[in-house]
Amino acid sequence: MNQRKLIHCLLIFSLLFGTVSCATMTGPKVTKGELEEARGEFNARFFEASQTWLPRVYRVGYHLLHSSPPEYGERKPSFNFMGVGTGELKKPSRKYYEIPDSIKGVLVLGIYPGSKAENLDIKQGDVVLTVNEKKVHSLGSYLSRIRKAEKNQVTLELWRKGKTFKVEVPIEKVYYNANFFLAPTPEFDANSLFSKINVGIGAIRYSQNDDELAFIMGHELAHTARKHSLKQMGSGMGTAVAYGVLAGVVDVFTVPGLGSLVTQPIHAATDAAISRDYEREADYFGMLHAFHSGFNVENGGKVMARLGSDAPGFEVFAHTFASHPDFSERALRLEKVTDELKTKYPNQFPQKESPDWEIHVPIKKGETLETAVGRLLEEKQKESEKMANEESAKHSSIPESSQVKVAVSKSGIKEKESTVSSESKLPSNLETNQTVQSLKTDLNLGTELSKEPVKTEVEVLGRDELIKKLGIQTMGLTRNTASSPLPASEEGAANRFSIQDGKAIWFCRFSKGALSNGASFPHEAKLTVTWYGPRGQILREDSFLAFPGTSDFSESIFRFDQFPELELTGGALHVRVGSNGVLLDERSFEILSA
């Protein structure tokens with residue numbers, strides 16, 4: 001009888017479950033074959049898009065790894081770094097890059113810009129088979145072999161489209177045992193676990209430029225540098241033991257099970273509070289990492305300010321169990337960190353901003369993208385001319401056509417919300433023959449917009465003409481003073497300095513009386529000498545007047561000890577010299593540690 005009742009109950013339950021499930025309307029069916037094809041297509045799109053996202057991660061990551069905030073104390077770079085971004089070789093990547101299952105190793109995803117591997121024959125889609133003749137079975141074994149390499153270079157055996165070859169790759173020394181990876185998630189997420197730092201696609205999409213991405217990645221690097229993973233594991237074990245003992249005591253004196261019921265919420269709240277403090281510390285040191293790597297912290301902090309407006313804060317109960325502080329608090333803290341840095345390093349402000357990856361063009365009702373760009377150009381014409389003149393003196397020469405590019409400040413373009421019907425995003429590397437003919441881009445300077453050539457009253461001369469008219473005999477870099485005649489060997493373009501030299505000098509020697517034969521020059525020449533750090537940030541700028549026909553030497557001195565917070569030996573530095581909008585001289589040099 002009992003068995004019959006049980007069978008009847010099961011039948012009734014089955015009928016009810018079937019009725020509910022049958023009532024669901026899921027729409028058209030998707031076959032297994034269609035699903036596999038769609039997944040393959042989306043994986044292909046991911047790998048194509050990663051060619052845009054990964055260079056941003058590698059570019060920012062390279063500078064973060066090569067600098068150490070003085071707040072960490074005296075340190076030397078001691079970890080091996082090769083400049084080759086890699087990932088696990090999985091089924092989707094095999095299919096996209098057409099790599100047979102018989103090939104074992106790790107996949108090359110890209111090269112870190114600025115690294116010594118940048119000019120080597122290593123490409124995205126290559127497979128690393130061996131490191132120093134030892135086989136690579138996984139990403140872990142590959143990274144371990146690089147980390148343990150004793151010489152200043154390693155030999156990689158690579159596979160590419162059915163062929164194998166070897167490449168000698170120099171080893172660089174960096175401050176952190178950390179590697180950056182692209183995480184395929186649309187969420188605003190970046191995380192670190194020991195030496196592995198994952199940067200989510202959503203975090204890259206939410207960021208607008210290198211400065212903002214540098215703060216996000218610097219935050220995760222701070223977790224690694226401050227060993228938060230290990231500390232959190234230790235604190236987690238400690239609180240688990242403490243609250244476990246407390247729960248046992250409660251059970252003894254009350255009802256069994258009540259102890260866990262009471263202590264579990266308190267335990268969770270305690271772990272969350274500890275986690276929030278680690279996040280606050282990572283925010284603070286993340287800003288220091290970004291700043292000392294040459295990124296603009298005021299610009300970088302904007303990403304947290306945007307998050308603060310998008311998600312102002314938690315309710316009190318939710319905040320108690322949240323692993324991160326709310327965005328409003330974090331944005332306010334970053335402002336205070338920026339003020340602290342301005343007080344501590346006043347000579348480093350204002351900082352140069354990284355150009356946005358995309359430009360935003362507000363479009364009014366009834367406008368096309370082309371007419372919107374034209375309207376913005378007309379509204380900002382006067383401001384743009386002034387900005388173009390200032391920027392051209394620092395960075396670029398006037399083209400032979402005498403056309404002056406008109407730079408429009410992205411932060412200065414604002415429209416009332418009620419008048420904007422839509423907004424278009426344009427990549428900052430858009431070619432001039434693409435959608436908007438009037439949109440021009442210089443990747444070194446940021447996004448520029450130009451419409452009509454601007455006539456100038458100043459006489460327009462080419463570089464060679466201006467050098468001749470100024471009577472410049474020679475220009476270059478030297479480690480000696482330029483106030484007395486230089487030996488011929490020092491007049492060349494020196495490109496290697498030792499940190500013991502203490503300084504680098506850009507000099508310019510004039511021919512006396514160069515303008516004495518009735519030559520005319522509208523005014524004395526203003527020379528602007530700009531020194532750039534390894535990441536392209538402006539470190540120093542000198543402007544002085546040279547009176548053609550009377551001057552003997554002009555010089556600008558870059559003293560290494562004025563920038564103790566920067567790692568000057570971590571890459572190439574640059575000096576550019578302009579006069580009246582013409583680029584007269586440009587040099588690159590390295591500072592060696594010994």
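What share of the contacts in the protein with a separation of 6 or more comes from residues 24 or more positions apart? The share is 69%, where contact means heavy atoms within 4.5 Å.

## Model and confidence

This is a predicted model, in which local features need pLDDT of at least 70, side-chain atom pairs count only at pLDDT 80 or more, and totals for chains, interfaces and linings use all residues. Residues are numbered from 1 along each chain as its sequence is written, and side-chain values use heavy atoms, with hydrogens and water left out.

pLDDT is the predictor's confidence in each residue, from 0 to 100. The protein averages 76, and 73% of the residues score at least 70. Among the elements, strand 4 has the highest mean pLDDT (96), and strand 15 (residues 446-449) the lowest (34). Over residues 428-460 the pLDDT is below 50, and the model gives this stretch 70 contacts beyond near neighbours in sequence. Residues 482-493 also stay under 50. For them the model has 26 contacts beyond four places in sequence.

## Overall make-up

The protein has 15 helices and 23 strands. These are DSSP runs numbered from the N terminus: helices are H or I of at least four residues, strands are E of at least two. Of the 594 residues, 44% are buried. Buried means under 20% relative accessible area, exposed over 50%, and partly exposed in between (1.4 Å probe, protein chains only).

The protein exposes about 32,300 Å². Carbon and sulfur atoms supply 54% of that area. Accessible areas come from the Shrake-Rupley method with a 1.4 Å probe; for residues, only the protein chains shown count as cover.

## Nonpolar cores

A nonpolar core is a set of buried Ala, Val, Leu, Ile, Met, Phe, Trp, Tyr and Cys residues joined through side-chain atoms within 4.5 Å. The largest has 58 residues. L65, I99, I204, M217 and L341 have the most contacts inside it. Helix 2 gives the most to this core, with nine residues. A second, separate core of 25 residues includes L470, F497, V529 and L584.

L65 lies at the end of the range of helix 2 (residues 32-65). Leaving aside neighbours within four places in sequence, L65 is in contact with F81, V174, Y175, Y176, A178, F180 and L221.

## The 9-11-10 sheet

Three strands form an open sheet in the order 9-11-10, with mixed pairing. Strand 9 and strand 10 (190-193) are the edges, each pairing on one side only. The twist averages 20° from one strand to the next. Two strands pair if DSSP finds at least two bridges between them. Strand 10 and strand 11 (residues 196-200) are antiparallel over four bridges. A190 stands opposite V199, and L193 has K196 as its bridge partner. The hairpin has two residues between these strands, and F194 takes a positive phi near 60° there.

In a regular strand the side chains alternate between the two faces of the sheet. Helix 2 lies across strand 9 and strand 11, at about 150° to strand 9. Helix 6 (residues 210-225) lies across strand 9, strand 10 and strand 11, at about 20° to strand 10. Axes are lines fitted to C-alpha atoms, for helices over the stretch in contact, and angles run from 0 to 180 degrees between N-to-C directions.

## Buried helix and strand residues

In helix 4 (residues 139-148), L139, S141, Y142, S144 and I146 are buried. Their cover includes strand 1 (79-81), strand 2 (84-88) and strand 3 (106-111). S93 lies in helix 3 (residues 91-97). S93 counts as buried because its relative accessibility is 3%. Not counting residues up to four places away in sequence, S93 touches F47, E88, E98, I99 and L107.

Strand 16 (residues 472-478) is mostly covered, with six of its seven residues buried. Six bridges join strand 16 to the antiparallel strand 18 (residues 503-510). I472 stands opposite F510.

## Backbone exceptions

The F349 to P350 peptide bond is cis, with omega near 0°. P350 sits in the loop between helix 12 (327-344) and strand 12 (358-364).

N132 is not a glycine, yet has a positive phi of about 55°. N132 is partly exposed at 35% relative accessible area. K161 has a positive phi near 50° and is exposed at 76%.
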